Amino acid sequence: MSDKQLKDNQMARGLNQALYKYLPHSWIDFYKKVDRTAYTAYVKYWNSGELSDKDINKRRLLLRLSQNIEEYHERGKVKDFVFPITEENYSVRTPDPGLNSDIITEISPLTFFCAKCSKVHSYNTSDHFYRLNPKRKCSCGGTIKQLNLVYSCACGWGGPVEPIPCKNRDHGYKSLFYTGRFSFYCKYEPSRKLEIRKPCPSCGKLLYTKNALDMSNYLPFSITMIDLINVELDRFLEENRDGSKLILSNWLECISRSELRKIAKKRLNEDSEEDKNEKINNLITMYMSQFSWPEEQARQVAIASVGVDSTEGGIREAVDVINESILNLSDNYLNNLSVQFLEYDTVLYPPNNYVSTLENAVEVSRKLNTNANPERYELLAKKFGFKHVQASGDIPFIMCSYGYTRKETDPLKATLVGFPAENKSKKNVYASKLNTEGILFEIDRAAIIKWLIRNEIIDEKQAPNLKCEKELKKWFINHIDSSVIKSFSPIDKNDHKITYYVYNLIHSISHALLKQSANLCGLDKNSLSEYIFPNIPAILIYCQNSQGLNIGAMFNIFEAYFDKWLESTKDTINKCIFDPICIDRDHACSGCLYLNEVSCVHFNKDLDRRFLVGWYDKSTGDRFYGFWEE
């Protein structure tokens, strides 16, 4: 393709739009400027730049990706991935925003038909099409149109529709016409229809076509994670043996937030424990040999010389408290818990302290003089079971796409496919950074415990002291197993009963609020997303593009319409257009709680409207009490 052709075929795309809609091996809508025609195109590959270590914590991102891919990997349902998913095997890359040629496409399918006589035209490449038929005309004078049908299979294979030759070899492809109904016919044998279907060349399954832009043909897999802005704490967690326990001790109020940061800063600027011990032992040997000092005297002087901090005793006490508080949790699990608490801290205290609390919202609402009732904001928050609510701005996110499936997302049915490598030495994933705003809801831990007891999920002996915040926090650390919350599979109710009920509750709350917020803030619901902190427990509803941030949509709904948001959410969730089937059998559906998968962290798994509004089984007399039930 010439430079002029290349320029004509470039399209301005936002970075985050490219990361979701224009990924390698997907079909996209493509507008060619020269002839002002829309085509369907296939993204062959990207030419992108690598993000530096200063831009992103690659190790933490790749670890999170590895955990997500594990469900597919353990079932052997992966393709074009290299394991382990580490910096040695993967680079984290990003496209240039705006008008660029880094996303390489070709027109696909290359099968066309005449809008006037229906004659089929086929080409080998995009260049072949541009060269042979630049005016898109058939010999009859009619305009040719792209037959934008493609095949896709759950095994990961996908391909464009191609002409099917007449079974009479003398005719072949020469006189093919399109019926307009998923079949061709030969001019010389018009009664014999050549149906557009074929066996998958990868797995053999019989495939039928769909429109190339049908979403099921390409299901991108992406994650969004909060970027830990405190680099020292991030490094401290990675490099220090007790890092995770000290972060947990801060969450349990054993040490303050400022104390944790001081400890982290000091630890990162001093020698490691091994280096200290080596220096002490060397000094002991030297003192004993040169000055003939007794070993104990030499040890005391050596320790003083190396400068062991007197605060270490307090640190050990904090670590001991954690050791006593947690129940047989692995180091890896503790690390993941600590990351969750650091991410929550980042939302709670965002950069520049860009925060609006409920008290601020009440003041703003009074000044705006809307039809809201700000005097009820705090009362409603408590009534709905929220311990703390705030709007946060400038929240730093990392958005990353790492593969795709076709037709299905279930790891039992679909194969997860990785992106084509841009160089021979490493595979690649694609990421970008986004600063956005959202509403943080911390759910009242005591209220959840009472709800569990009321529904006989736990008894009072299993419950912590409801008046002690530290005991409540310990309970949620020990009883909510976030390791069993997988992106693509539901939680096993029998093996993880408490986690199942608590996560279903907070996930259902999140969907109910998110779905209703789209109706009030003016943004498309697909531009909003959720972030769940199961061990806090808390949810963040945030805008995942710059549109909402620019207009302050989330701050506006929080400050001007908080009471209407909560009350309308409850009113809406009380009924579903698919009741009684929904409430009695499915418990959640597209009519009430389901969201587009781009907005849900759990692919619409583990949702239950009964947990919010309550339910009565007329056939058995069983009663389940809703968290929002009066």
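1. Strand S15 (residues 183-186) and strand S16 (residues 189-195) run antiparallel and are joined by four bridges. Strands here are DSSP runs of E with at least two residues, helices are runs of H or I with at least four, and both are numbered from the N terminus. Two strands pair if DSSP finds at least two bridges between them. Ser183 has Glu195 of S16 as its bridge partner. Two residues separate S15 from S16, and the two strands form a hairpin.

2. A word on the model. It is predicted: local features need pLDDT of at least 70, side-chain atom pairs count only at pLDDT 80 or more, and totals for chains, interfaces and linings use all residues. Residues are numbered from 1 along each chain as its sequence is written, and side-chain values use heavy atoms, with hydrogens and water left out.

3. Two lysines sit over rings. The criterion is NZ of Lys or CZ of Arg within 6 Å of the ring centre and within 35 degrees of the ring normal. Lys193 lies over the face of Tyr185, at 6.0 Å from the ring centre. Lys119 lies over the face of Phe177, at 5.8 Å from the ring centre.

4. Which strands pair with S26? Strand S25 (residues 528-533) pairs with S26 in the antiparallel sense over six bridges. Strand S24 (residues 427-443) also pairs with S26 in the antiparallel sense, over five bridges. Phe533 stands opposite Ala538 in S26. Leu440 has Leu540 as its bridge partner in S26. S25 and S26 form a hairpin with four residues between them.

5. Strand S26 (residues 538-543) is mostly covered, with six of its six residues buried. Buried means under 20% relative accessible area, exposed over 50%, and partly exposed in between (1.4 Å probe, protein chains only). In a regular strand the side chains alternate between the two faces of the sheet. Ala538, Leu540 and Tyr542 point one way from S26, while Ile539, Ile541 and Cys543 point the other way.

6. Aromatic pairs come to a count of 40. Rings of Phe, Tyr and Trp (its six-membered ring) pair if their centres lie within 6.5 Å; planes under 30 degrees apart are stacked, over 60 edge-to-face, and the rest tilted. The Phe112 and Tyr123 ring centres are 5.8 Å apart with planes at 80°, so this pair is edge-to-face. Phe112 is in strand S9 (residues 111-114), and Tyr123 is eleven residues away, in the loop between strand S10 (120-122) and helix H4 (126-132). Both Phe112 and Tyr123 are buried.

7. Tyr500 and Tyr501 have ring centres 5.2 Å apart and planes at 90°, so they too form an edge-to-face pair. Tyr500 and Tyr501 are buried. Ring pairs also link a cluster of Trp251, Phe341, Tyr344, Phe397, Tyr531, Phe533 and Tyr542.

8. How many salt bridges does a search of the whole structure find? It finds 24. The rule is a side-chain nitrogen of Lys or Arg within 4 Å of a carboxyl oxygen of Asp or Glu. Glu442 and Arg445 meet at 2.9 Å, N to O, and both are buried. A network of salt bridges links Lys387, Glu442, Arg445 and Glu469.

9. Arg610 and Asp608 form another salt bridge, with the closest N and O atoms 2.7 Å apart. Both Arg610 and Asp608 are buried. The side chains of Arg75 and Glu74 meet in a salt bridge at 3.8 Å, N to O. Arg75 counts as partly exposed because its relative accessibility is 37%. Glu74, at 55%, counts as exposed.

10. Asp227 is in the loop between strand S20 (219-226) and helix H5 (231-239). Asp227 is buried, with a relative accessible area of 10%. Leaving out residues up to four places away in sequence, Asp227 touches Arg60, Thr346, Pro396, Phe397, Ile398 and Lys433. Contact means heavy atoms within 4.5 Å.
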